[in-house]
Amino acid sequence: MRPGWSNRWRLWRPVSILHAVVVAGFLLFLLLPVYWLIATSLSSPLALVRMPPEWIPLPPDLTAYRALLTGRADAGSAETLTTFTIRAFQYALRNSVIVAAAVTALALALGFLSAAAFTRLDVPFGHAVIYLILLGQMIPPVVLLIPLYVTATRFGVLDNLLTVIALLTALHLPFVIWILRSYLLTIPKELEEAAQVDGASFPGALLRVTFPLTLPGLVAAGAYTFMQTWNAFLIPLIFTSSDTKRTVTVAVAMFVGRHYTDYALLAAAGVLAFVPPVVFALFFQRYLLHGLASGAVK
Amino acid sequence: MLVKYPRQGTRVEIAYRRAQTATRRLTFRRRRQLVGILLVVPSLALIFSVMLYPLLYSLWISVYDLNVTTPWLPPRFVGLENYTDILKEPTALAAFGRTILFGLIGIGFGIPLAISLALALNRPFRLRGIVRALIIIPWVIPGTVQGLLWARIYDPHYGALNGLLYQLGIIREPVPWLLEPSRALFLVALVNLWATLPLMTLLYLAALQGIPPELYEAASLDGADGIRQFRYVTLPFLLPITLIVLILKTIDAFALFDIVYVLTGGGPARSTEVIGYYLFQAAFQRSDYGRASALAWLIALLTLGLAVLYRRLTLRGSGAEE
């Protein structure tokens, strides 16, 4: 029997058909809602108030994206609410980029130094400290938010992006330290020691030998931190209040709360808000899963 | 000043050499310690100021009345009054009940669905890599966008769900999905299921891929059919991951906030006011810091207790001794 034959035959067995139906069903359940948001964002305002809806927006209408990205609303819909919303969204997009990038950079830098110290140098009570930090991860953030809010109010640092950055960095740092530590433990110390024998200083050996070898771990921890901070909602919601300080997740919630009815604009804002984490997840999926797995196992 | 080096091999020389290496070793250790501490201090300072200090402060708040509306009065020690108050509050208890129902829906439907999808994805087929990459998408979408997305689906007038049912001829009049208190919580639970299914599936898939294929061969040699192979080979390997999934789903149920905030705002008639949303309102809209802190601690203890319980159950399930 030729192999192609058996394959074709196998494809039509009842089990295979059932299998294909199950996979397709799950795929539709998970992805159709996402498709519908994208389709809504590309629809013309008229098509969106039709029943039954137009499932495929043809031709795609890019007005909403143009408005959100260039900041100009269409001449037809030049209401103050629209321009106001668009401007707020642009601030939010910028703030989310700043916050996510800053938190990721800070958490990776601080996390790498700490992980290096915990694995390569003597830190007094190092093990106890590591487990204490990990125990801190078990505390639900809600417990911490009230005292943090009261403290931030007292020091007058509410509605400040730096506060949001500091809080998110602190909350994600333990996970980053843990992943990088378990990663560094797999890299033999002898490589660094060899470099030090050859005359490199400890920082030099760390930077030129260990750092490049840790890159996959850094990418995993960085991708995860970026996604988590981009998606963070409760902390930016509580610690910011003005339209110029909000992040994208908060801005989206505010739009929906205002009972805003330009659905295409709303949907386009939603799509722009989910594109970065989705791209990160698809691009770094292998690193991400590996990082999560090593974080969970070790 | 030149120090005369003692003659080699003499007792003095050996002692001198030993002392020298000992000091060198000591300073080396101390320098390593010093550098180590320097590298760790920034991280620890940040973590402890955002975790340890608020943790203690939170305990303090939970036994005080902060007098937020009358700030000229000093905080008043009230003991466990905040805790007993919140447990006597009917709206809080109702929110607890909804959270438990929500969690049970998520676990009861989520785990079987995640295992089925993981089993389906564990069989080789064409495009499997792409499918596996795509299913991750709902999980990484920000919570508020998840809410927005389903708001566009549940919308009574122009929503996709009504549109689909109308075109299929199942309904004639638009259904106001989220306006009916008896089903709103289930619809929110469906959104949460959609959002968390990817992670659960990936965890189960990783567990499935860790099962050595020899076990299946051995089982089929012993005459075990497909169902028995699943029961006696696959399931035991899925139990440890099930523990993790149970804990994740429980934390998730008690923390649920963003989807409710966007989709229903706790309504209609409080029917979707789960404990995470209740806590947010108590703390940041009513500024009832004392009782909210007490509630936050109760939630933390309850989650911890459930995690211990799950551990017991899964350990018994796998037949392992503690």
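Colleague: Before we start, what counts as two residues being in contact?

Modeller: Two residues are in contact if their C-beta atoms, placed from the backbone, lie within 7 Å. Keep in mind that this is a predicted model.

Colleague: What about the largest nonpolar core, which residues touch the most other members?

Modeller: The core has 161 residues, and those are A:Leu167, A:Val252, A:Ala269, B:Tyr204 and B:Leu279. Helix α4 of chain A, residues 80-120, gives the most to this core, 16 residues.

Colleague: Take A:Val252. What does it touch?

Modeller: Leaving aside residues up to four places away in sequence, A:Val252 touches A:Ala269, A:Gly270 and A:Ala273, plus B:Thr144, B:Val145 and B:Leu148 from chain B.

Colleague: Switching topic: which residues of α8 in chain B are buried?

Modeller: B:Ala160, B:Leu161, B:Asn162 and B:Gly163. The buried residues of α8(B) pack against α2 (14-41) of chain A and α7 (143-154) of chain B.

Colleague: Last one, how many helices and strands are in chain B?

Modeller: 14 helices and 2 strands. Chain B has a radius of gyration of 29 Å, well over the 20 Å the globule rule gives for 322 residues, so it is more spread out than a compact globule.

Methods:
Residues numbered from 1 in each chain as written. Chains lettered and ligands numbered in written order. Predicted model: local features only at pLDDT ≥ 70, side-chain atom pairs only at ≥ 80, totals over all residues. Buried ≥ 20, exposed ≤ 12 C-beta atoms within 10 Å, placed from the backbone. Helix = DSSP H or I, 4+ residues; strand = E, 2+ residues; numbered from the N terminus. Core = buried A, V, L, I, M, F, W, Y, C linked by C-beta atoms within 7 Å. Rg over C-alpha atoms; globule rule 2.2 N^0.38 Å.
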